[in-house]
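Dear colleague,

Please find the structure below, handed over for your reference.

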Amino acid sequence: MANRIPRVPVREQDPKVRATNFEEVCYGYNAEEATLEASRCLNCKNPRCVGSCPVHISIPEFIQHIAAGDIAAASAVIAADSSLPSVCGRVCPQESQCEGSCVLGIKSEPVAIGKLERFVGDWAIEHADELPAPEIVRNGKKVAIVGSGPAGLACASDLARMGYEVKIFEALHEVGGVLVYGIPEFRLPKDRIVAKEVEAVKRLGVEIETDVIIGRTMTVDDLLDKEGYDAVFVGSGAGLPRFMGIEGENLNGVFSANEYLTRANLMHAYDSHYDTPIYQGQKVVVVGGGNVAMDAVRTAKRLGAEAVIVYRRGEAELPARVEEVHHAKQEGIEFRMLANPVRVLGDDKGCVRGIECVEMELGEPDASGRRSPVEKKGSNFEIDCDVVIMALGTSPNPLIKSTTKGLDTTKRGCIVADEEGHTSRKGVFAGGDAVTGAATVILAMGAGRKAAKAIDEYLN
């Protein structure tokens with residue numbers, strides 16, 4: 001019976017309306033829709049979805065509880081493995097993880113695991129006061145966490161449950177890392193979701209101090225030697241943007257996606273009550289094809305610009321989530337595929353007036369298995385624009401490496417850490433984007449949880 005019910009569609013804001021506001025695009029399931037969608041799950045004996053989840057949530061088990069109408073039980077199952085269900089339900093690339101492995105997906109549509117997780121996570125936020133507080137017995141040991149993004153929050157909440165005294169040090173004035181400065185409001189509401197998930201971590205007794213730059217205000221060595229911490233977890237993310245190194249990148253009106261999104265998110269460009277110093281732009285070109293590129297181009301559109309994506313490969317090679325690309329197209333974003341910028345064009349005042357690109361064609365697959373783009377000689381063309389946003393990935397800030405003796409890093413500046421998060425320095429652990437370079441929220445969360453386990457073993 002289960003596989004005969006079609007996948008329950010999720011209600012969304014009308015594309016024409018939402019392209020002019022920053023309210024959430026997807027409305028999510030109500031109880032009736034969630035129960036119906038949950039009834040599609042086959043409750044497989046060997047659930048491939050669990051193996052494809054980076055934190056191995058017991059997916060069929062929580063879905064069976066939804067189908068039976070027991071959302072509190074579903075919430076408890078997810079909480080055993082994930083500290084941010086409302087976030088992950090919204091921003092995880094489910095189509096290439098859990099849902100991509102769902103048996104139903106072979107002949108029809110996979111179960112909407114992400115939308116069901118979001119439903120349970122949102123229910124837990126609304127009923128936070130009624131849920132039993134975990135019984136925590138303090139063990140007298142202290143752990144410092146650097147960064148309050150998904151890796152830091154996951155590591156902190158696990159350690160707090162184990163009885164450690166945990167303090168998070170955050171460089172910015174808002175808590176949440178990439179969840180607050182990187183992902184736009186229309187994909188992840190800040191007050192309604194992120195702030196509430198942070199509250200849940202604080203309820204476990206985790207202390208959070210903002211405006212502390214580890215490497216400037218104090219160092220990792222200070223935390224261990226002077227502040228009395230028994231271990232340190234570095235989850236400081238990857239906030240250093242990459243550029244192409246082409247002519248004209250220093251013109252006024254060229255941004256990294258990182259800076260652009262941070263201004264839009266942390267400085268409330270989405271709220272008309274704020275006078276945000278952000279360069280609006282009439283015609284905006286975003287270079288790149290990942291989720292960050294989609295976030296930047298859809299933000300520019302909402303701030304009133306005509307917005308274009310320029311990407312050097314074809315649509316099949318776009319690294320962004322299918323849902324993000326679909327939403328961007330619905331909102332009127334133009335995609336210029338198989339095109340690569342060769343220089344940014346400026347006017348006599350030093351401001352951007354356009355971008356010169358060259359057409360590409362796909363050659364042989366590279367080391368990653370994706371076909372390499374090859375330039376078509378003499379195919380140069382120009383696109384008029386007054387803002388160019390480079391969304392080409394990020395690497396970790398070199399500050400922690402440069403101020404921490406004996407901490408090994410890669411050529412790209414990523415901290416070297418094993419599967420469990422052990423670094424070359426005794427008592428120092430790391431995980432998330434600071435180790436892998438820019439990746440996904442769920443992978444960072446998984447790394448934070450593994451490190452919490454390793455820290456517990458190290459201190460015992």
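Predicted model: local features only at pLDDT ≥ 70, side-chain atom pairs only at ≥ 80, totals over all residues.

Together with Ile 59, Phe 62 has the most contacts inside the largest nonpolar core, which comprises 73 residues. Helix H18, residues 441-459, supplies the largest share of this core, with 9 residues. There is also a second, separate core of 31 residues, and Phe 22, Ala 269, Ala 305 and Tyr 311 are included in it. As general background, nonpolar side chains in soluble globular proteins tend to be buried together.

The charged side chains form the next topic. In general, side chains of opposite charge can pair when their charged atoms come close. A search of the whole structure finds 35 salt bridges, and three of them are described here.

One joins the side chains of Arg 18 and Glu 331, at 2.6 Å from N to O. Arg 18 lies in helix H1 (residues 15-18) and Glu 331 in the loop between helix H15 (322-330) and S9, so this pair ties together parts that are 313 residues apart in sequence. Both Arg 18 and Glu 331 are buried.

Another salt bridge is formed by Asp 122 and Arg 90, whose closest N and O atoms are 2.9 Å apart. Here Asp 122 is in helix H8 (residues 113-126) and Arg 90 in helix H6 (residues 85-91), and the pair links distant parts of the chain, 32 residues apart. Asp 122 and Arg 90 are likewise buried.

A further salt bridge connects Glu 209 with Lys 167, the closest N and O atoms being 2.8 Å apart. Since Glu 209 lies in strand S3 and Lys 167 in strand S2 (residues 165-169), the pair ties together parts that are 42 residues apart in sequence. Are these two partners buried or exposed? Glu 209 has a relative accessibility of 32% and therefore counts as partly exposed, whereas Lys 167, at 14%, counts as buried.

Arg 18 and Glu 331 also take part in a network of salt bridges, in which they are linked with Glu 12, Arg 187, Asp 295, Arg 298, Arg 302 and Glu 324.

Asn 291, Met 294, Asp 295 and Arg 298 in H14 meet Glu 324, Val 325, His 327 and Ala 328 in H15. The axes of helix H14 (residues 291-302) and H15 come within 10 Å and cross at roughly 25°. H14 and H15 are therefore roughly parallel to each other, and their crossing is left-handed.

Finally, two points on the backbone deserve a mention. Most residues other than glycine have a negative phi. Asp 211, however, has a positive phi of about 60° although it is not a glycine; Asp 211 sits in the loop between strand S3 (207-209) and helix H12 (220-225). Leu 338, also not a glycine, has a positive phi of about 50°. Leu 338 is placed in the loop between strand S9 (334-336) and strand S10 (339-346), and is partly exposed, with a relative accessible area of 29%.

With kind regards

Methods:
Residues numbered from 1 in each chain as written. Heavy atoms only, no water. Helix = DSSP H or I, 4+ residues; strand = E, 2+ residues; numbered from the N terminus. Buried < 20%, exposed > 50% of the residue type's maximum accessible area, 1.4 Å probe, protein only. Core = buried A, V, L, I, M, F, W, Y, C linked by side-chain atoms within 4.5 Å. Salt bridge = Lys/Arg side-chain N within 4 Å of Asp/Glu carboxyl O. Axes fitted to C-alpha atoms, helices over the stretch in contact; angles between N-to-C directions. Parallel < 35°, antiparallel > 145°, perpendicular 65-115°, else oblique. Left-handed = near helix turned anticlockwise from the far one by under 90°. Contact = heavy atoms within 4.5 Å.
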